[in-house]
Every structure is written in structure tokens, then in C-alpha cells.
Amino acid sequence: MLVKTHASSVYGIESTTVTVEVKVTAGTKYYIVGLPDNAIKESLQRIESAIQSANFRMPRQKIVVNLAPADIRKEGSAYDLAIAMGILGASGQIQIDRLSKYIILGELSLDGGVQRIKGALPIAIQARHEGYDGVILPKDNAREAAIVDGLKVYGVENISEVISFIDGKMEIEETIVDTRAEFHDHINNYEFDFSDVSGQLNIKRALEIAAAGGHNVILIGPPGSGKTMLAKRLPTILPPLSLRESLETTKIHSVAGYLSASDSLMTVRPFRDPHHSISDAALVGGGANPQPGEISLAHNGVLFLDELPEFKRSVLEVMRQPLEERKITISRAKLTVDYPASFMLVAAMNPCPCGYYNHPHKDCICPPGVVQKYLSRVSGPLLDRIDLHIEVTPVNYQELSNGVRGENSHAVRERVIKARNAQAERFSKRNKDKDFAEIHSNAQMRVKMVREVCQISDEGKRLLQSAMERLSLSARAYDRILKVARTIADLDGSIDISTEHLAEAIQYRSLDRENWSG
């Protein structure tokens, strides 16, 4: 007897429905075909034990399982439950009328328990698109899948519940999540606040500019000056996630398997801070079975690289293309997947190996030439892609002890949102053109648009020319200065870019100045 059940496979951040065809005939041995990996080939031992634990029998006949389409590689243990239900249906032990109406997924334990899977959200989205009645999947994934409206989601704990449900002997409680209520109730759940930072008004101003325009930032300063503390508070002044951005971000974390059983929707911007020992593939994504890397997990949020010169040079250089394109393409012989990677890069570094070069009170003990060698670990092309270079100076005792709290994140965020709204209005006409990628902030502007949007006066041109010649800036740095100046003007509510806006933008090129040459 031939029975078909339906499962799903995730490639990149999209899902493809897999038809599980099971045929039980006279003979012996079990066969699984359709390009299964080792985890799937080993599933029959788990399935046999799980079926027996539910007081059913594993047929002692020839069982052929085909995973269609057969030309796509299938990986992981999520097919266990669909194969088990197919075997029970094909051997006549359960009703088969309802099997074809659901996507069925889950890894089986030997005692019949159903373990969580990765990618429940894109799977649920695809199931709704293809018109299935619902999805049956592990209870730990139920809230994650239930944010998809118009689809019934049944979370199960063991195979016995699935068998009883398919046979019509019991009903499983449907998991329901009010997506919009969930989104709005938790949209501002941040642990940190800008008011925690004492003093450093100039640094806060620079981070406000970065947030307003979506600009990349590098913080240079001695140990203990507050670089990490400031970086961790940057997401709190970024505009709240839109519902579309929230779903997009949740989908990536779902594929990576980073959502807990209590999570349904990511409502705050991600903040990722990988250790400097990270590999190329872990940062940008990849592996034999391509998975999203840290740059994709930071999509719509912040990627913080602390101790930047300590990262392997090859790791930093692979970021150059994603920083420009805001996506990463991972190619394999038989597979190419795209992961979104629109993130704000925030890097932090000491000015030298001892940490005290240019310190106002402590002397640097590094030998001649060591500072330049240390800074050269970060390549010029990568620094060119960072818009704001900010010197972070230590906070003095008076600022720490006076008990005066700084401006809170909410007040700063209001100004950032106002500037972002001005940018959204500016780019709205272009975003309607389907021939171009959407632009949401000044940092995302291409060269042609920079020339159109960032018009400056003759006096501003002379100022910029002087800075270009004195600092030996590249053409890319020229464009970055114009983008930052445009953001500063947006924060001021100004239509035109003034020389004051340009002058402030130029000062955020610290690493281009002569006193950083070592």
C-alpha cells in the first residue's frame, strides 16, 4: 500500500515542501531514497522504537520511503514523524484520510517523544501559501509557527498524540498567537538605557548620528573607557522594528534554531557580539549544510566586533562585500542560498597593544612603529566602509560621582525616528520602483543617489576639498562624509547640508588623521 505524507525542508530562509512517499510490500529490508543524509538514514531505528512505544508494530515487510523531489538533498532529523506516520498508514494501522492535509514534522525520541526542529516559521509560511489545513510539529516550536495567520498549528509532545489526532480519536489544542498584540507588547523590552552612561556627550552624539542614518561605527579608546557599554545601548536608540522587519528577523533566527519554546516573534533589534576567535563561515554563514552566520543573525540590528584588530584578517575581509550589498550569497556545487545581512557594524578597539596611545593621563609604553603595525591589522578598505571613527576618552571622577543621569534612550530615539521619517519620505518615490533595491536610511544610498541628495554649497566644496587633500581620503570616504553630513542635517531638520554639518561629519574620520599614524 502506498501512502503520502508531507514534510518540509529549509534552504536559506525559504522552505520547500517535501512529499514523503511510503510503500509497504511483501519482502524484507527498509529503504530510504531521495538524497537523504545520514541523520535521515538512521531514522528507521528511532522510528521503530517510537512506534513500539506507542503500542503499534513496525511492519516486518519491505518498506520503501521516497523523499520527493528526489533531486534535492534532504538533511536533518525533522522527517522522523512524517515517515513514521507514513509507515503506520501504509501498513493499515491508522486512518489515512487526514494525513495529506497537514505538514508533519518532528524528530522522534526512542520513547516516542517529539523533539524541536529548526525553521518552523518559514515552514509555516510555506504551508499557508500552499493551502494546507495546518502543521503538526513539536510543542516547543508551536508558538514560533503560530505567528502565521490563517494556519492551524498543533504542537505535540509525543507520537501517540499525533496518531490519535489523525485517527480522529482526540483533538489537539490549537496554538494561537495574536501576532500584532505580541509585537506591540514587547517592542521596547530593552535591558539597557543610554541614561546609564555618565558624561561622554560627544560620543553619545556620534552614536545618535549613526543610529539616525544607519551608519557603521568604530570606537577607539583605552581599556575601561566605556566602548562596550556604549555599543550595547545603541539598539535602544534605533527606531523600533516594523512588523515586516520583525518577521524577517524571526525567520532567520528560526532557521538557525535560536528561538526558545516561549518565543514567538522577535520584537527588539538583535545585538550580536561574536568572540574574536570566530571563523569565516561562522561570521558570514556557510558550512556543508549552509546556515546563517553572525552577520545574518544581526540583520536589522547591530553586529558588535570588540577588539577588532584581534580578529583574523581573513574573517574581517569577508565582511567587505556584505557591508556594501547588505546580503550574503553562499554557493555550493549544487546549491546557492542568499541570506539577508542588513546590519549596523559597531567595532571597538584599543589604540595600541598596551591600550594607552593618545591617553590624556597615562603614557603609552609601545615601542616605535608598534602602533602603526597594530592599526594596520584592520585594512584600509574595511575602514573605508566605516562611516564614523570615534575617539572614546575615559570618564573623569567628577562625571562618575556627581549622580547626574544623562538623557534616556527614549528621548534620543524620538530624534532618531524623526530623522528616519525624513529619510523615508525622501526615498519613498524611489522605493516604489521595483527595478531598484529599497533604501531605508542614508547609509544605504548608492553613489548616484548620493550625488543627487547630498548637494553642498561652494563653501562646503572648498572645505571638503581641503579635508580630502589633508587626510588623503579615498573616493569611498568622500561619499561616506556626504552621507553622514546628510544625516546630521536630517537630525537638525535642515533641507540643505551646511558647512557646519560637513565640518562635523569630517571630524568623525579619526583614523585618517596624522596623529593616528603611530
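**Exercise 1. How many salt bridges does the rule give, and which residues join into one network?**

*Solution.* The count comes to 23 salt bridges, the rule being a side-chain nitrogen of Lys or Arg within 4 Å of a carboxyl oxygen of Asp or Glu. Before going on, a word on the model: it is predicted, so local features need pLDDT of at least 70 and side-chain atom pairs count only at pLDDT 80 or more, while totals for chains, interfaces and linings use all residues. Residues are numbered from 1 along each chain as its sequence is written, and side-chain values use heavy atoms, with hydrogens and water left out.

Step 1: take Glu324 and Arg385, whose closest N and O atoms are 3.6 Å apart. Glu324 sits in helix α14 and Arg385 in the loop between α16 (380-384) and β18 (388-391), so this pair ties together parts 61 residues apart in sequence. Helices here are DSSP runs of H or I with at least four residues, strands are runs of E with at least two, and both are numbered from the N terminus.

Step 2: check burial, where buried means under 20% relative accessible area, exposed over 50%, and partly exposed in between (1.4 Å probe, protein chains only). Glu324 is partly exposed at 25%, whereas Arg385 is buried at 9%.

Step 3: move to Arg480 and Asp387, which meet at 2.9 Å, N to O. Arg480 belongs to helix α21 and Asp387 to the loop between α16 and β18, so the link spans 93 residues of sequence. Arg480 is buried at 7% relative accessibility, and Asp387 is buried at 2%.

Step 4: Arg486 is buried at 3%, and Asp490 is buried at 7%.

Step 5: Salt bridges with shared partners join Glu324, Arg385, Asp387 and Arg480 into one network.

**Exercise 2. What lines the largest pocket, and which element gives the most?**

*Solution.* Step 1: get the volume, about 1,200 Å³. A pocket is an open set of points on a 1 Å grid over the protein atoms alone, where a 1.4 Å probe fits, with protein on both sides within 12 Å along at least five of seven lines; lining residues have an atom within 4 Å of a point.

Step 1: list the lining. It has 42 residues, and Arg326, Ser342, Glu438, His440 and Gln444 are the closest to the pocket's centre. The elements giving two or more residues include α10 (243-256), α14 (320-325) and α21 (475-491), but α18 gives the most, with 6.

Step 2: sort the lining by type: 15 nonpolar, 11 polar and 16 charged. Asp, Glu, Lys and Arg count as charged, Ala, Val, Leu, Ile, Met, Phe, Trp, Tyr, Cys and Pro as nonpolar, and the others, Gly among them, as polar.

Methods
Grid points are joined across faces, edges and corners, and a volume is the space filled by probe spheres set on the points.
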